[in-house]
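Subject: Structure handover and findings

Dear colleague,

Please find below the structure that I am passing on to you. My notes on it follow directly after.

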Amino acid sequence: MNVTQKTVRKIARDSLLTLEAYARQRKEFRAKVMAHKRDRTVHLGAHVTLIFEDELTIRYQIQEMLRIERTFEEQGIQDELDVYNPLIPDGHNLKATMMIEYADEEERKRALSRLKGIEDRVWIQVEGCDRLYAIADEDLERENEEKTSAVHFLRLELNDEMVRTLKDGAALALGVDHPNYQAELNTVAAGVHASLIQDLD
């Protein structure tokens, strides 16, 4: 019997930099992460952006939070690890931060009211496989009766066939099919494709 092994991809406490060490390395580390994110960012239409997270992007987020909050106590550091580690893909899924972006504040308010439920209508499709919808906001509810949030966290859980097919070079499509917002990207860029398959075992 074949048992699929999942790689444990967590950031360990002892791998984090101290505040002082991070301050010294921040400029170079930030430049590395921004360059890395270019191949992990997908725009769906004019107002929805997905940033696919991985160990490096989440490590940066944790270090930034510790820096901003001046956190050096063990419990505070562990709290950040507990919040952010689940956002790292575990080998059989892709995880993304979804941002709904409108430059004008009033327009954004109106849009977030119209776009309730959009986080559940983001889909991914591996060539030759069925369309798969995202699982949104497992950590906490980010929508209320009046509007959705401008930021959501998505998990796209792939089955074995999807993982195998994608790693064999199949095209990857992404989209949104909300009644008030439709967008589709038939094929992600080669750089994005290459980066995302690194998340998969």
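Which residue takes a positive phi just after helix 2? That residue is Arg70, with a phi of about 55°. Please bear in mind throughout that this is a predicted model.

Arg70

The positive phi of Arg70 occurs in a residue other than glycine. Arg70 is placed in the loop between helix 2 and helix 3. Because its relative accessible area is 56%, and exposed means over 50%, Arg70 is classed as exposed. Its C-alpha atom is separated by 42 Å from that of Thr187, a residue 117 positions away along the chain.

Helix 2

Buried residues in helix 2 are Leu56, Thr57, Ile58, Arg59, Tyr60, Ile62, Gln63, Glu64, Met65 and Leu66. The list thus includes charged residue types, with Arg59 and Glu64 among them. The cover over these buried residues includes helix 1 (19-38), strand 2 (48-53) and helix 3 (74-84).

The chain as a whole

The protein chain contains six helices and nine strands. Its radius of gyration is 18 Å, which agrees with the value near 17 Å that a compact globule of 201 residues would have. Along the principal axes, the C-alpha atoms fill a box of roughly 55 × 50 × 30 Å. Of the 201 residues, 45% are buried. Considering contacts between residues at least 6 apart in sequence, 72% join residues at least 24 apart.

The accessible surface of the protein chain is about 11000 Å², and carbon and sulfur atoms account for 48% of this area.

Two asparagines in loops

Asn180 is located in the loop between strand 8 (172-178) and strand 9. Is Asn180 exposed or partly exposed? Its relative accessibility is 44%, so Asn180 counts as partly exposed. Leaving aside residues up to four places away in sequence, Asn180 touches Arg114 and Leu115. Lys116 is 64 residues from Asn180 along the chain, and the C-alpha atoms of these two residues are separated by 9.3 Å.

Asn186 belongs to the loop between strand 9 (181-185) and helix 6 (190-197). With 54% relative accessibility, Asn186 counts as exposed. Which residues does Asn186 touch, not counting those up to four places away in sequence? They are Leu172 and Ala173. Gly175 is eleven residues from Asn186 in sequence, and the C-alpha to C-alpha distance between them is 8.2 Å.

With kind regards

Key. Residues numbered from 1 in each chain as written. Predicted model: local features only at pLDDT ≥ 70, side-chain atom pairs only at ≥ 80, totals over all residues. Heavy atoms only, no water. Helix = DSSP H or I, 4+ residues; strand = E, 2+ residues; numbered from the N terminus. Rg over C-alpha atoms; globule rule 2.2 N^0.38 Å. Buried < 20%, exposed > 50% of the residue type's maximum accessible area, 1.4 Å probe, protein only. Contact = heavy atoms within 4.5 Å. Areas by Shrake-Rupley, 256 points an atom, 1.4 Å probe, with all protein chains shown as cover.
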